[in-house]
Every structure is written in structure tokens, then in C-alpha cells.
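Here is a friendly walk through one model. Have the sequence and the coordinates open as you read.

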Amino acid sequence: MSEQLQQLILDTLDKSSTIKDTRTITIPGSDQPASTHDAQITILGALNSLQSRDMIKYETHEISSHVLTAEGSQIVLNGSHEAIVWGALPEKGTGSPLPIPSLKKAVGDETAKIGQSRAFKSGWITKEGDGLVKAVSSITDTTQNDLREVDSTGALAAGEKLLADYRKRKLIAQKKGQWFTVHKGTNFSTSTAKPETDLTAEMLASGSWKTANFKKYNFEAEGIPPNGGAFHPLLKVREEIINIFLEMGFAEMPTSSFVESGFWCFDALFVPQQHPARDLQDTFYLSDPVQSLPPPKAYYDRVAKVHEHGGYGSLGYRVPWSDSESRKLLLRTHTTATSATMLYRLAARCRGESVEGLGDGEFKHSAGKGDGDGFRPAKLFSVDRVFRNETMDATHLAEFHQVEGVVADKNLTLADLIGFMRVFFSKMGINEVRFKPAYNPYTEPSLEIFAFHPQLKKWVEVGNSGMFRPEMLESMGFPKDVRVHGWGLSLERPTMIRYGISNIRTLVGHKVPLDVVENSPAVMF
Ligand SMILES: N[C@@H](Cc1ccccc1)C(=O)O
């Protein structure tokens, strides 16, 4: 039926180019024009299908139309209450008048009540003795006729006043209706067959391409928006932090070695070989290869000595040194492993020693004026990945990023560290910072850094810092008056705070929702 209807619409348009009012269409299979609400809905379906292929265009006209209520439909079927009452009564003078209780029995209480009063008003019936009789010999049931008209046309020629009356009697109800004006579209044709969109090998082989109806190219079409790349929030915050370091005169450390030895990750930092952080529960060790290459011999010996026996004013740990512990390979637990390597290289360079693998690049920006002992101040940073054998939860992963920095200069004090931290954090938009004494095996004093979180309205830990110990620096060969302070921060925490992310899995791992990445603003303060 819908195809026939579409065909009818196209044929009509072919003849007259416009269909002014779709209520004039006679839907195939029906015998009268489509004046009802339902018929227009059917037509709308056909119009939408044709319009989607640009075969036609249409405009919508809103009208208010009427439909019958259940009671109204009853009247169309059986006649009005008054007509039923009239029909149940004997004609005047021909039989015995019908008493009211019998009328009620015959037509029902409701019809008897409503019908009687209306039939009296119209002069159709009259009282005789105890009963009722017809007053006229024939009637016209205008209510039934009017409702029939409403049923088939949705309106009443007699006018709004009468419609309002029927509405009040709840025989009809108002309904918003539509009808349409239809024009030819850009792809108008009287064939409802879908136009071809592609020239196929089959068409060429069969020759059907000669007569096929091809869809026109739409050069105005906007096309599908290309999928652009998007920076991950961690990358954006990382970029911002790198820029802060660079504008403060720092040089970036080479942190590409995820695998380190126990020596560089712990021993060089004067972390005791029995320290719990070195346990299997906290650190991932490599099973193959099991051992690192040996570190520089003279330096290794100095480190082993300060651990076992002390030196540089220290008592040492007084525990036998283990070479195998030192040579274990592990996934670095902090980027301070790289800081240690770089500080060692800096110290070696000061003394003019040639160190294997040592380039000048990392120190080039930080070269200051030496004062005769070969020492040059240095400011170094890195932002890279570290690994810890953590129980994973909403805020902890087994791998995360550390932001690390070290400053080496003569006569630095704790006040320099605190002052530097305030400047650094203020550049990240964090103006309220507090410091709390802490403990690290490699720094003394050590300070935890807290920042006031404006949304959470509480102080949160944002980093750890301190002045590196003489056991570490003097083993490396720095002059005694060189001080080095350093600090480590997480990259994930400030990123989560900034982008309002509460579960770390939204940020890292295989469950990262791509729309979060795509929709995170480039800059957020
Ligand atoms: N390595 C420390 C951070 C730190 C670096 C340098 C000096 C002091 C502390 C950490 O992982 O938390």
C-alpha cells in the first residue's frame, strides 16, 4: 500500500507539479479523500520516504481537528440517547404508553435519563397517563449525523459553536492535525526504484548501466568530520610542567632506561640494602638477565664502603655489603635513579674525569661560573614513568609518572629549596604550599610538600623533597661545599585534580574512555 501511495503522489505531481492539499488525495484502497487524521499520518510516512530521496519536498500545515470519544462512536453506531428513547416508545394512540421503569429496563438507566430530557426538549415524546409515547411520527437524529460528519472529516460544516457543544458533552475531542503541500524535489522522477549510487562490474557486464537511474553527486555535502588526534590529559599537564622547568633554566635528564640496577636505584642513594622498599613486595625484579653490568669501579667501591663502614662524617650502616643485591636488575621505582646517575656524571665532569656515556648536552643550559675546583652548578629535571608493586585501586597503579628535579650549587640551604618550591608550584597555579618534616634515606632534612586543594578544601600531599646526604654526594666526588636539593612529584595527581577525574583508570590503562581524552580542554585552570 505504501508503495502504491508513493507512486500515486509522484504521478499526481508529474501531472500537476504541486499537490496543494494532501487531504484531497484518495489513498489507494480507500473510497474517499484522506480527510482524517489517520489518513494524513499514512500520507506523511510516504512523504518522508520520498523526501529522504529528494524526490519531493513538502510543507506542513497545522490544523486542529476533532475525533469521536467512545461515547461519540456509540452514537454513530446506535443513534443518540434521545433517538433510542424515541424509538422505544409506542406511537401516540396506537398502544399503551410505556411506564418509565419499563423504559429504563428497555434502554438502560443512563440512556433513559439523558434521552428522555433531550427528547422532551425536542418535542419528540410526550407524557400520557403514567407513561410515555412518541409525539411525532418521524425524527432526524442530527446528533448522530453530526458525529458521522466529524468522524469522517474531523470537522463540522455547521460550525464551531456546535463543535463546542459536542465537546462539552464529551462526544468528541479536539486533536491537532496536519496536512501537507507537496512539490517536486531535486531528484524527482515517477519511478520509486531507488537510484543507483555506484557503477558496478555487474552493470557493465549486463549493459544495465545504459538505462540505470544514477543518483546525482552532491558536491555540497559536508562529508564526515575527520577523526583528529587528541592529546591525552597527562601529556598536556606534562607539557605544561616541562615548560615551567625550561623557563626556570632547567635541562632535561635522559630517562629512557626503565630498567635500572639496585646500585643506581638504591645504593648510590644510600638506601640500605635491607630497606623494605627493596623487597619483592614493593619492587619488580627482572629474572633475565639477573645481573647488571658492573658500575664504575672506583665509585662502586666508595659507595660500598660508605654503606658498610661509613665515611664523610657518617657511621654507615655497619652491615656486610652485598654485591648481588647491588647488581640486581629492576624496574625503577623512582626517577631519582636517573638523578643519581646524572649527579655522578656531573661530579665526575667537575673533576675532569672521562665517564663512559657522558655527554655534555644535559648540562649545557646549566653551566655557570666555576670557581677553580671544576664544579659547575646544574639544574636538571625529568618527567617519566616509574614502577612499583602496588595493590591497584582507584588512585594507585603499578606504574605512574614522576616529575623529578635536582638543583646542585654551592652553599644551597633548606630555605633555597622551600623558596624554589613556592615559585615552582605558583607557576602551576598552586599558591598555598606547606612543608612537613619527613624521612628519606637519601635526603636530610627531608620535606613532604602539601598544597591546598581549592575544590576539596583540604591540604593534599603533592610531593617529597630534601637535601641530598653527604654520604651520597661525597661518594660521587662533589666538593664538600656543594649542596644538592631534589624533589619528586606525581604527574597523575595534579592531572586528576585539574581535570576532575576521580578514578585513575579513567586516565591510564586499557579502560581509558576515548571521549574523555578527546573532550578534555587543552588548557584548564
Ligand atoms: N624519590 C622520591 C622523591 C624525591 C626525589 C628527590 C629528593 C627527595 C625526594 C620519591 O619517589 O618520592
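## The model and its confidence

This is a predicted model, in which local features need pLDDT of at least 70, side-chain atom pairs count only at pLDDT 80 or more, and totals for chains, interfaces and linings use all residues. Residues are numbered from 1 along each chain as its sequence is written, and side-chain values use heavy atoms, with hydrogens and water left out.

The protein has a mean pLDDT of 89, and 95% of its residues reach 70 or more; pLDDT is the predictor's confidence in each residue, from 0 to 100. Where pLDDT is low, the predicted coordinates should not be read in detail. For the complex, the predictor gives an ipTM of 0.97 and a pTM of 0.59.

## Overall make-up

The protein has 18 helices and 15 strands; these are DSSP runs numbered from the N terminus, with helices being H or I of at least four residues and strands E of at least two. Of its 525 residues, 42% count as buried. Buried here means under 20% relative accessible area, exposed means over 50%, and partly exposed is in between (1.4 Å probe, protein chains only).

Among contacts with a separation of 6 or more, 68% come from residues 24 or more positions apart. A contact means heavy atoms within 4.5 Å.

## Helices α3 and α7

Take helix α3 (residues 70-78) and helix α7 (residues 142-153): their axes come within 9 Å and cross at roughly 115°. Axes are lines fitted to C-alpha atoms, for helices over the stretch in contact, and angles run from 0 to 180 degrees between N-to-C directions. The two helices α3 and α7 are therefore roughly perpendicular, a label for 65 to 115 degrees, while angles under 35 count as roughly parallel, over 145 as roughly antiparallel and the rest as oblique.

Which residues make the contact? On α3 they are G72, I75, V76, L77 and N78, and on α7 they are T143, Q144, L147 and R148. By class, the contact of α3 with α7 has four nonpolar, four polar and one charged residue. Nonpolar covers Ala, Val, Leu, Ile, Met, Phe, Trp, Tyr, Cys and Pro, charged covers Asp, Glu, Lys and Arg, and the others, Gly among them, are polar.

## Helices α4 and α6

Helix α4 (residues 81-88) packs against helix α6 (residues 109-121) at about 90°, with the axes 7 Å apart, so α4 and α6 are also roughly perpendicular to each other. H81, E82, I84 and V85 of α4 meet T111, A112, I114, G115, Q116, R118 and A119 of α6. That contact divides into five nonpolar, four polar and two charged residues.

T111 of helix α6 is worth a look. At 13% relative accessibility T111 counts as buried, and beyond its neighbours within four places in sequence it touches H81, I84, V85 and Q116.

## Backbone details and a loop residue

Two peptide bonds are cis: D288 to P289, with omega near -5°, and E444 to P445, with omega near 0°. P289 sits in the loop between α11 (262-265) and α12 (297-308), whereas P445 lies in strand β13.

F270, in the loop between α11 and α12, has a positive phi near 60° and is buried at 3% relative accessibility. K170, in the loop between α8 (160-168) and β6 (172-184), also has phi near 60°, but is exposed at 59%.

Finally, Q455 lies in the loop between β13 (443-453) and β14 (458-468) and is exposed, with a relative accessible area of 58%. Its C-alpha atom is 9.4 Å from that of G500, 45 residues apart along the chain.
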